[in-house]
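Here's a quick tour of one protein chain, from overall build to what sits inside. Have the model open as you read.

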Amino acid sequence: MPIALIDGNNFYVSCERVFNPKLEGRPVVVLSNNDGMAVARSAEVKELGVKMGTPWFKMRDLARKHGIVALSSNYALYADMSNRMMAVLSQYSPDQEVYSIDECFLGLEGFGNFDLVAYGQAMRRQVRQWVGIPVCVGIAETKTLAKLANHCAKKALAGTNSVCDFGRLSEPERSRLFSTIEVGEIWGVGRKLSEQLTHRDIATVEALRKADAKTIRREFSVVLERTIAELNDISCMELEEAAPNKQQIISSRSFGNYVYDIESLSQAVASYIAIAAEKLRSQASLAGLVQVYIRTNPHKADSPQYQPSLTVPLSQASDDTLLLTRAALWGLKRIYRPGFAYQKAGVALLNFSDAATPQMDLFSKARDNTRLMEVMDRINGIWGRGTLHSAAEGVQQGWRMKREKVSPGYTTHWDQLPLVT
């Protein structure tokens, strides 16, 4: 069965350009939390040699010289644009797996009479016209090959123009193409594994495709053995129409400024619990453990270091924000120590069970806040996260991360809708 992998080009930057056309053709970077480092780069920035993860302070001279525009990450905007893009692409196949915020797989079983390259171009045109995001399309018999075909489409390899269908290549053509692509471009082959393979004279996609699968399994892993099978048109990974539930949910942020007092830390921890609990309810799970941790800056060697964590068991698994907040703050009070400059805090929800079949506690006196949580989620879903929140999250929140260059919420806030004059 042919599979298509559709990927938004420089997705975060493209989202920003939809509502600010003046950014077209200009070098643009989107920065991480606290405007720390580059998490998205336009093609113009990539041409300047800026790597993913480059700290913003190291780019400032280059930015002044070449007019690089830096923007804070606007995840609410990107998530909304992603939903719109995925909705358009879902019209092209009944089998869709949303793999990440900017890419999805489409199963093309039964599309044998279609010109798949033309079909991919139709996807590109409609997404561009309806959503404003440029995309590339890779088509092949397996998910691994579809990802590789998408890479070829982006790099205009094998004479492709934003759509690459490996089904059109003969075996000699495919062999020649794969001999020119580094093994690190294969889905799931990271930098370290790529180095290990290169040391064994497996430096290209073709070399791995032709490697002995049993030897690779013995020396590396069964996962890499399956990758070889996928490179040879043997599908080992099925499409997942519904993403599996997460087995843990983590919520953490670095602070905009160093935090010293437990009151500010408590507000941050309560805020992160609220985010994690909302995700927990969205997948209909209950958490049996709450972990809380705080961190000083490990890169500031001249400052005292302290990085404790504590896991708090619950007498009865829950998805109640208020109960989870109490557990997290109880843990925070036991690990907090004055006199340290805290840079980050975080929480993790663990030991999940199904909310539909909860294990009851005979001696529990916990209040049932199910209806209250439903109301909170509904209000926050309409008016934005944090519209209704617990008092433990505070009001001023001076610890929040810096977002000094953030664009408006063009699609998520009524008062920030773009105006046409």
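## Overall build

With 421 residues, a compact globule would have a radius of gyration near 22 Å, and the protein chain comes in at 24 Å, which agrees. That radius is taken over C-alpha atoms, and the globule rule is 2.2 Å times the number of residues to the power 0.38. Along the principal axes, the C-alpha atoms fill a box of roughly 70 × 55 × 50 Å.

Keep in mind that this is a predicted model: local features need pLDDT of at least 70, side-chain atom pairs count only at pLDDT 80 or more, and totals for chains, interfaces and linings use all residues. Numbering runs from 1 along each chain as its sequence is written, and side-chain values use heavy atoms, with hydrogens and water left out.

## Inside the chain

Buried residues make up 46% of the 421, where buried means under 20% relative accessible area (1.4 Å probe, protein chains only). A nonpolar core here is a set of buried Ala, Val, Leu, Ile, Met, Phe, Trp, Tyr and Cys residues joined through side-chain atoms within 4.5 Å. The largest one has 36 residues, and Ile6, Phe11, Met85, Leu89, Val127 and Ile133 touch the most other members.

Take Phe11: beyond its neighbours within four places in sequence, its contacts (heavy atoms within 4.5 Å) are Tyr78, Met81, Ser82, Met85, Ile101, Asp102 and Ile133. There's also a second, separate core of 32 residues, with Ile249, Leu324, Ala327 and Phe352 among them.

Conventions: Buried < 20%, exposed > 50% of the residue type's maximum accessible area, 1.4 Å probe, protein only.
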